[in-house]
Amino acid sequence: DYLRSRTDIKVIQLVRENLLRQKLSAKMAQATDKWGKTEDASSNPDDKPQVRLDPETCRRDFAARERMRREGEEDFERHDLLPVSYEQLTDTPDETLKRVQRFLSLQVESLQTGKKKQETRSLREAIANYSELYDELADTPWARFFDNTDPNSEVDEA
């Protein structure tokens with residue numbers, strides 16, 4: 001309530017566009033007990049296990065995440081709000097961090113992090129039951145999170 005009433009503050013809403021990748025990342029972190037990857041960590045895909053994701057749990061979690069995102073937008077609709085996605089931070093970090101600094105009226109500087117993406121495999125490679133999960137979620141709003149539209153295709157995500 002306090003933050004909602006303080007319309008003089010700027011709000012950065014950090015979101016994840018692909019909730020399936022978010023779910024995979026969390027499951028992988030639980031399986032490996034590694035919650036972040038430093039630059040010197042192994043990048044060998046053979047070091048990483050595949051994970052199984054329950055379709056019903058995904059459906060429920062995706063709906064809850066999207067509901068929380070909408071509620072956050074509603075809670076802070078009277079604020080100066082900057083939505084920033086994890087994907088923007090990882091795909092175009094310099095541009096995104098400059099945008100954040102300008103939003104906060106800070107002097108723009110080059111910022112660096114020692115963290116790297118922990119999971120770089122395609123969803124098909126990382127999720128043991130990828131086809132089953134796709135089949136269960138194909139006719140839902142969550143189908144957009146998958147690598148492509150054919151779970152039996154040999155084409156990996158771009």
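Trainee: Leaving aside its neighbours within four places in sequence, which residues is Trp142 in contact with?

Mentor: Beyond those neighbours, Trp142 is in contact with Arg59, Phe62, Ala63, Glu66 and Leu137, where contact means heavy atoms within 4.5 Å. The model is a predicted one, in which local features need pLDDT of at least 70 and side-chain atom pairs count only at pLDDT 80 or more, while totals for chains, interfaces and linings use all residues. Residues are numbered from 1 along each chain as its sequence is written, and side-chain values use heavy atoms, with hydrogens and water left out.

Trainee: Why does Trp142 count as buried?

Mentor: Buried means under 20% relative accessible area, exposed means over 50%, and partly exposed lies in between (1.4 Å probe, protein chains only). Trp142 has 9% relative accessibility and therefore counts as buried. Its place is in the segment after α7. Trp142 and Leu19 are 123 residues apart in sequence, yet their C-alpha atoms are 8.3 Å apart in space.

Trainee: How many helices and strands are there in the protein?

Mentor: There are seven helices and four strands. Helices (H or I, at least four residues) and strands (E, at least two) are DSSP runs, numbered from the N terminus. Along the sequence the pattern reads α-β-α-β-α-β-α-α-β-α-α. Of the 158 residues, 32% count as buried.

Trainee: What makes α3 oblique to α7?

Mentor: The axes of helix α3 (residues 55–75) and helix α7 (residues 130–137) come within 9 Å and cross at roughly 55 degrees. That angle makes α3 oblique to α7, because angles under 35 degrees count as roughly parallel, over 145 as roughly antiparallel, 65 to 115 as roughly perpendicular and the rest as oblique. The axes are lines fitted to C-alpha atoms, for helices over the stretch in contact, and angles run from 0 to 180 degrees between N-to-C directions. The crossing of α3 and α7 is right-handed; a crossing has that name if the near helix is turned clockwise from the far one by less than a right angle, and is left-handed if anticlockwise.

Trainee: Which residues in α3 and α7 meet?

Mentor: Pro55, Cys58, Arg59 and Phe62 in α3 meet Glu132, Leu133, Glu136 and Leu137 in α7. By class, this contact has five nonpolar, no polar and three charged residues. Here Ala, Val, Leu, Ile, Met, Phe, Trp, Tyr, Cys and Pro count as nonpolar, Asp, Glu, Lys and Arg as charged, and the others, Gly among them, as polar.

Trainee: At what angle do α2 and α3 pack?

Mentor: α2 and α3 pack at about 115 degrees, with their axes 10 Å apart. That makes α2 roughly perpendicular to α3. α2 passes α3 in a right-handed crossing. The contact is made by Leu19, Leu20, Gln22 and Lys23 of α2 and by Thr57, Cys58, Asp61, Phe62, Arg65 and Glu66 of α3.

Trainee: Which residues in the largest nonpolar core touch the most other members?

Mentor: Of its 18 residues, these are Leu20, Phe62, Ile127 and Leu133. A nonpolar core is a set of buried Ala, Val, Leu, Ile, Met, Phe, Trp, Tyr and Cys residues joined through side-chain atoms within 4.5 Å. The elements that give two or more residues to this core are α2 (19–32), α3, α6 (123–126) and α7. Apart from neighbours within four places in sequence, Ile127 is in contact with Leu20, Leu24, Gln50, Val51, Leu53 and Leu133.

Trainee: Is Asn129 buried or exposed?

Mentor: Asn129 has a relative accessible area of 6%, so Asn129 is buried. Asn129 lies in the loop between α6 and α7.

Trainee: What is the relative accessible area of Ser105?

Mentor: The value is 59%, so Ser105 is exposed. Ser105 has its place in the loop between α5 (93–103) and β4 (115–116). Phi of Ser105 is near 60 degrees, a positive value in a residue other than glycine. Most residues other than glycine have a negative phi.

Trainee: Why does Arg99 count as partly exposed?

Mentor: Arg99 has 26% relative accessibility, and therefore counts as partly exposed. Arg99 is found in helix α5, and Val100 also lies in helix α5. Val100, at 14% relative accessible area, is buried.
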